[in-house]
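Thanks for coming. I will go through one structure today, sheet by sheet, and then turn to some side-chain contacts.

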Amino acid sequence: MENYIVSARKYRPDTFESVVAQKSLTTTLKNAIHTGKLAHAYLFCGPRGVGKTTCARIFAKTINCEHPTANGEPCNSCESCKSFNQQRSFSIYELDAASNNSVDDIRALNEQVRIPPQVGKYKVYIIDEVHMLSQAAFNAFLKTLEEPPAHAIFILATTEKHKIIPTILSRCQIYDFSRIESNDIIAHLKSIADREGITSEYDALRIIAQKSDGCMRDALSLFDQMTSFTQGNLTYDKVIGSLNILDYDYYFRFTEQILAAQTSQLLLLFNEILNKGFEGNIVISGLASHFRDLLVASDPATHPLLECGEELRKRYIEQATKCPPKFLFRAIKLCNDCDAGYRSSRNKRLLVELTIIQLSQITSDSGEEASGQRPARLKPIFKAPAQQAQQAPAPVQEVKAETLPSPVNNAAEPQATATAETPAQQKPLQPVVISGRPEALKRNVESSKAPFGGMFSRTHTIAGRGATTATAQQSADSSSAPTANDKKRTPLTQESLSQKWFEYALQLPVNEHALADRMKIITPEIQSESSFVIKVDNQHVSELFAKEAKSIAAYISNAVGCGNIEMKIEQNTQQVQRRIYNRTEQFKLLTEKNPALEKLRKHLNLDFA
């Protein structure tokens with residue numbers, strides 16, 4: 001049976017031209033070889049599986065090649081290239097720093113560096129995962145890396161550049177490798193499938209590329225796995241079934257039901273997905289990616305950013321026309337917040353269901369909510385019964401003006417009826433103006449209004465006077481909210497003052513908690529029938545109450561009903577004198593409070609040192 005070689009090893013690039021998606025870096029390396037401007041140390045850093053070690057090997061083989069091509073590639077025919085390809089070269093060393101990270105390993109490496117190469121011009125040392133070296137190993141490597149022999153070149157490779165000490169970084173030329181895009185991975189997998197005689201669908205390769213997350217080695221491993229599972233026939237349905245990936249049809253269904261605000265159907269669809277073995281975070285992250293693709297599809301200029309087939313692209317563009325951008329912004333924000341809090345949530349299913357409910361409540365015309373400024377308020381999910389929905393308040397019947405009989409006066413006075421006064425002769429009712437905090441006086445002002453003000457209108461005929469015509473609102477206001485001159489004054493008591501003072505403190509908003517806390521510990525005192533005084537400790541508190549004095553006084557005046565009350569503030573000017581006491585004075589003060597201390601001192605025959 002022929003030995004099987006995985007695709008990641010079988011199709012590993014052996015020339016700069018065959019390296020996938022690192023064109024700028026390979027071009028720089030080829031130019032350095034062509035011009036002979038080689039540094040003594042290089043650092044290749046980037047994510048896993050993007051070609052760092054592969055480029056290091058190609059670079060090491062090329063600089064020792066005896067007959068390089070015109071475009072800077074190795075010839076693969078000279079003795080140096082053959083020995084490297086057969087893994088028997090004594091000029092190229094590979095060291096895994098993950099398992100050889102001690103000081104002794106680096107010291108052995110430093111000893112080998114002194115020996116010149118047997119074949120080729122350079123001795124190349126490739127140290128993989130260099131960030132795993134210990135601090136002592138880094139320090140031992142510094143001197144050799146700073147002043148190596150002319151025939152030594154070091155190529156360091158790492159996935160975590162931030163763990164390498166700055167003194168090492170400053171001695172290397174740094175090359176940052178980027179993640180491989182999905183289109184490049186798909187094209188590479190397609191070329192391998194054609195060589196191996198494997199039939200493949202574009203969407204199946206796209207799923208493999210997305211699952212690999214920019215890592216070519218992972219993509220090739222998944223490709224081999226799916227080839228074995230499908231027996232050389234890669235289809236979309238088989239790939240998503242094997243890799244446990246949620247089908248994009250679910251996301252299109254989700255979006256349609258969200259736009260239609262079908263909350264119940266959304267919860268049932270989510271339950272169906274959970275029953276298939278998918279986790280909630282897979283659903284919510286997939287929804288976020290789907291909304292991102294819809295946002296990209298909404299603008300023709302960003303259509304190239306859609307990584308999908310032509311038929312799926314048309315489907316995205318069609319659904320994007322139904323989704324306003326504000327809706328997509330808000331939906332992406334909700335999904336992202338849910339995904340961020342999924343790991344720390346105790347009830348993960350409830351978190352996702354709440355996010356789905358919020359998504360179903362987003363409407364295209366709610367500008368403030370859909371723009372992402374604040375979370376949308378939840379609306380009723382299920383419809384109310386038809387009987388309750390049809391209920392409406394009974395219409396108020398209008399009562400026409402009527403003429404009431406005049407009251408019977410004293411027999412000594414002649415009974416007479418006067419004509420109604422003209423509007424110009426009537427005295428308009430003066431409204432009660434109460435200064436102070438609107439929110440504090442809202443309850444008192446509303447309670448002073450008549451219960452049915454403004455609903456009825458009557459004409460009164462009063463014996464001995466001219467008839468006065470007034471609306472019910474005016475009569476209600478004049479009867480239930482009299483002016484300050486007509487209201488009967490109520491004497492101010494200490495009990496009513498303290499009660500209303502405390503009520504004012506309780507109704508203050510949260511952002512004025514400092515004033516509220518001060519009012520709760522201060523007791524106002526009556527100074528006269530029309531004034532009260534509070535005593536404060538310092539200037540800051542005095543200024544704090546001075547800003548609110550009018551509002552507090554107006555509130556208490558209106559609540560107690562004793563006319564205009566003046567609030568006065570007195571600041572204590574007594575200053576506490578402080579001094580430092582010596583031990584004798586301290587003991588004297590203590591004995592004044594507790595004479596037994598002096599008896600104890602005499603009994604034990606103690607004295608101060």
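Two strands count as paired here if DSSP finds at least two bridges between them. With that in hand, S528 stands opposite S531 in β12. Before I go on, note that this is a predicted model.

S528 belongs to a strand at an edge: β11 covers 525-528, and β13, at 566-571, is the other edge strand, each pairing on one side only. The open sheet they belong to has three strands in the order β11-β12-β13, and its pairing is mixed. On average, neighbouring strands in this sheet are turned by 35 degrees against each other, direction ignored. Between β11 and β12, which is residues 531-536, the pairing is antiparallel, over three bridges.

Two helices pack on this sheet. Helix α22, residues 494-506, touches β11, β12 and β13, and its direction makes about 125 degrees with that of β11. Helix α24, residues 539-560, touches β12 and β13, with a direction at about 165 degrees to that of β13.

Now the other sheet I want to show. It is open, with five strands in the order β2-β3-β4-β1-β5 and parallel pairing. Which strands stand at the edges? They are β2 (92-96) and β5 (173-176); each has a single partner strand, so one side of each is left without a neighbour in the sheet. The twist from one strand to the next averages 15 degrees. β2 and β3 run parallel and are joined by five bridges, and D96 stands opposite D128 in β3.

Helix α5 lies across β2, β3 and β4 and runs at about 165 degrees to β3. Helix α6 also packs on the sheet, touching β1, β3 and β4, and its direction makes about 135 degrees with that of β4.

Let me stay with α6. The helix takes in residues 135-146, twelve in total, and spans 17 Å from first C-alpha to last, close to the 16 Å expected at 1.5 Å a residue. Which residues of α6 are buried? A137, F138, F141, L142, T144 and L145. Their cover includes β1 (41-45), α5 (103-113), β3 (123-128), β4 (152-158) and α7 (166-169).

A search of the whole structure finds 14 aromatic pairs. One of them is Y125 with F154, which is stacked, at 5.5 Å centre to centre and 25 degrees between the planes. Y125 lies in strand β3 and F154 in strand β4, so this pair ties together parts that are 29 residues apart in sequence. Both Y125 and F154 are buried. F154 also pairs with F141: the centres are 5.3 Å apart and the planes stand at 85 degrees, so this one is edge-to-face. Elsewhere, Y42, F44, F59, Y175 and F177 form one aromatic cluster.

There are also charges over rings. The charged end of R315 sits over the ring of F252, 4.2 Å from its centre. K348 lies over the face of Y342, at 5.7 Å from the ring centre.

Last, S264, which is in helix α13, residues 263-275. Its relative accessible area is 30%, so S264 is classed as partly exposed.

How values were computed. Residues numbered from 1 in each chain as written. Predicted model: local features only at pLDDT ≥ 70, side-chain atom pairs only at ≥ 80, totals over all residues. Heavy atoms only, no water. Helix = DSSP H or I, 4+ residues; strand = E, 2+ residues; numbered from the N terminus. Expected span 1.5 Å × (residues − 1). Buried < 20%, exposed > 50% of the residue type's maximum accessible area, 1.4 Å probe, protein only. Contact = heavy atoms within 4.5 Å. Axes fitted to C-alpha atoms, helices over the stretch in contact; angles between N-to-C directions. Phe/Tyr/Trp six-rings, centres within 6.5 Å; stacked < 30°, edge-to-face > 60°. Lys NZ or Arg CZ within 6 Å of the ring centre and 35° of its normal.
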